[in-house]
Amino acid sequence: MTLLRRVSSSLPPVVQFANRPFHSLKLTGESPDSSTSPPLTHGIHVFHSPDEVGIVAKLSECIASRGGNILGADVFVPENKNVFYSRRSLYCEFIFDPVLWPREQMDEDFSKLSKMFKAMRSVVRVPDRDPKYKIAVLASKQDHCLADLLHGWQDRRLPVDITCVISNHDRGPNTHVIRFLERHGIPYHYLRTTKENKREEEILQLVQNTDFLVLARYMQLLSGNFLRSYGKDVINIHHGLLPSFKGGNPSKQAFDAGVKLIGATSHFVTEELDEGPIIEQMVERVSHRDNMRSFKQKSEDLEKQCLAKAIKSYCELRVLPYEVNKTVVF
């Protein structure tokens, strides 16, 4: 039986992939806003291990023993699979002080649990304290996804630092994107590609110090050799729920076909074109009242929203691999 468990005095089964609000459990009678209360720092812990009785209890005990306070926890145990997935969001009553729960001690505590339960993955992140994820953005001619990511970074809606933008399209010096990049000191690398030379070696050199890559409508295929050499995740945005309209100008193809539902899919990049594990999908209805302009605008808006949400979920450790070509997204 597939179970989702909530950390509490009892663990009633609820529906799979529940997305419940986090309920605060106060450790003392003082208000978090009280001037005498210590600063509160939000942390996230991802734990992926073989399923075993006592995992939730031990994780909860670890946090509580250091004065931490669990805001909420989601647990997923696949049906007929001896695997335990959990994403634990912690809003802990601790300060990064050696007397309380310094980061080094936190890592050590969770490392012990990882060894105890033979975890395949145990990751701790404190967003307010840890460095932001460093990403490089690859784009071609279309600007909508690239511009949205840049503004999301500027407005701090996306918890990333953009190290550079790489493109096979030469943007002029007075374009919106180039002016934005120059103002903020983000390098722009124009690498003209051909069928014979995708400039992958040069791209690899430019992205060595990144945590993952984002393809913001980058219209070039990345080879298996590139993906293996890079060795980290690459997130892409696809213009539909399924690759029904391939090649150039997919919006016009869909419009001419009279579709009634359009979508966008963000997924991990693999060697197989548009076959990587799905992170996020969004849809919107269209009708005979849409002209080509409104149709395309709706499609581009979906792509921007879908890609941004996928990046945010990834940075918040909400995305875990599941089976061969699936993901668990908490």
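Two strands count as paired if DSSP finds at least two bridges between them. Strands (E, at least two residues) and helices (H or I, at least four) are DSSP runs, numbered from the N terminus. With that in hand, let's start the tour.

Before you click, note that this is a predicted model, in which local features need pLDDT of at least 70, side-chain atom pairs count only at pLDDT 80 or more, and totals for chains, interfaces and linings use all residues. Residues are numbered from 1 along each chain as its sequence is written, and side-chain values use heavy atoms, leaving out hydrogens and water.

**Stop 1: the sheet.** Select β7, β6, β5, β8, β9, β10 and β11, in that order: these 7 strands form an open sheet with mixed pairing. At the edges you will find β7 (188–190) and β11 (278–285); each has a single partner strand, so one side of each is left without a neighbour in the sheet. On average, neighbouring strands here are turned by 20° against each other, direction ignored. Such angles run from 0 to 180 degrees between N-to-C directions, using axes fitted to C-alpha atoms, for helices over the stretch in contact.

**Stop 2: β5 and β8.** Now pick residues 133–139 (β5) and 212–215 (β8), which run parallel and are joined by 4 bridges. Look for Ala136, which stands opposite Leu213 in β8.

**Stop 3: the rings around Tyr133.** Rings of Phe, Tyr and Trp (its six-membered ring) pair if their centres lie within 6.5 Å; planes under 30 degrees apart are stacked, over 60 edge-to-face, and the rest tilted. The count by this rule is 10 aromatic pairs. Show Tyr133 and Phe212: their centres are 6.1 Å apart and their planes at 65°, so the pair is edge-to-face. Tyr133 is in β5 and Phe212 in β8, so this pair ties together parts 79 residues apart in sequence.

Next, show Tyr314, which forms a tilted pair with Tyr133, at 6.5 Å centre to centre and 55° between the planes. Tyr314 belongs to helix α8 (residues 292–315).

Are Tyr133 and Phe212 buried or exposed? Buried means under 20% relative accessible area, exposed over 50%, and partly exposed in between (1.4 Å probe, protein chains only). Tyr133, at 15%, counts as buried, as does Phe212 at 0%.

**Last stop: Arg125.** Its charged end sits over the ring of Tyr133, 4.1 Å from the ring centre; the rule asks for NZ of Lys or CZ of Arg within 6 Å of the centre and within 35 degrees of the ring normal.
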